[in-house]
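Me: Please take a close look at the disulfide content of this structure and at its nonpolar packing, giving the cut-offs for each term.

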Amino acid sequence: MPYRKTALPVALLALALTAGCGGGDGGVDAKSPAKPSPSATEALAPGESVTGKVAEDPGTVTYAIAAEKVDVGTEAEARKAVSEPEKAKGLVLATAHVTYTHRGGPALTDSPEVGDGTTLFADGQRGAILIGAAEDAPGCEDPYDVESWKQGESHTFCETYLVPAHAENVEVHWAEEDGEPHIWTFAGA
């Protein structure tokens with residue numbers, strides 16, 4: 001699914017469709033020795049990196065991926081972020097900050113696809129994504145602003161979701177296309 005920059009009112013559509021369905025570079029750079037990636041079943045600590053491959057334009061790129069943090073907002077902020085505030089009752093905004101480091105492959109010539117593998121869950125249930133909500137959050141970059149991404153460079157992209165206000169844990173999932181997700185766990189809302 002391609003990353004699309006869309007007006008925030010589309011977030012309500014995302015909320016309706018999914019509600020019923022169940023930092024820095026983290027010390028990673030192109031010159032660091034490659035650690036084997038934990039398997040998708042291993043729990044990851046915030047900032048711990050995994051390696052994944054993504055089909056980009058003009059070819060496959062190997063990335064180091066690290067979920068750095070999740071910023072959790074308030075119910076009032078969630079109600080302001082959607083076009084129908086009553087549908088956000090009991091929900092908060094959760095913004096996942098994920099840093100991607102280009103470790104190998106060609107320089108990108110188009111907007112990156114690596115962020116498409118990121119999702120956010122709260123207490124085992126997938127959150128409702130707010131498309132276009134995180135590009136201007138502090139510490140977040142807009143993937144459309146990345147013009148040429150070369151080996152050794154890192155960028156932090158963010159995804160904002162609506163999750164239950166009293167979730168005990170929040171998980172950031174990232175997976176290669178058709179792969180099992182790697183999961184970072186953070187304290188709840």
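Reply: A disulfide is a pair of cysteine sulfur atoms within 2.5 Å. This is a predicted model, in which local features need pLDDT of at least 70 and side-chain atom pairs count only at pLDDT 80 or more, while totals for chains, interfaces and linings use all residues. Residues are numbered from 1 along each chain as its sequence is written, and side-chain values use heavy atoms, with hydrogens and water left out.

A search of the whole structure finds one disulfide. Cys140 is joined to Cys158, with an S to S distance of 2.0 Å. The pair links distant parts of the chain, 18 residues apart: Cys140 lies in the loop between β7 (128-129) and β8, and Cys158 lies in strand β8. Strands here are DSSP runs (E, at least two residues), numbered from the N terminus. The torsion about the S-S bond of Cys140 and Cys158 is about -85 degrees, so the disulfide is left-handed. Cys140 is buried at a relative accessible area of 12%, and Cys158 is buried at 6%; buried means under 20% relative accessible area (1.4 Å probe, protein chains only).

As to the packing, a nonpolar core is a set of buried Ala, Val, Leu, Ile, Met, Phe, Trp, Tyr and Cys residues joined through side-chain atoms within 4.5 Å. The largest such core has 30 residues, of which Tyr63, Tyr100, Leu120, Val172 and Trp184 touch the most other members. Strands that each supply at least two residues of this core include β3 (60-72), β4 (91-104) and β8 (154-164). A second, separate core of nine residues includes Ala81, Leu91, Ala128 and Leu162.

Note on methods:
Buried < 20%, exposed > 50% of the residue type's maximum accessible area, 1.4 Å probe, protein only. Helix = DSSP H or I, 4+ residues; strand = E, 2+ residues; numbered from the N terminus.
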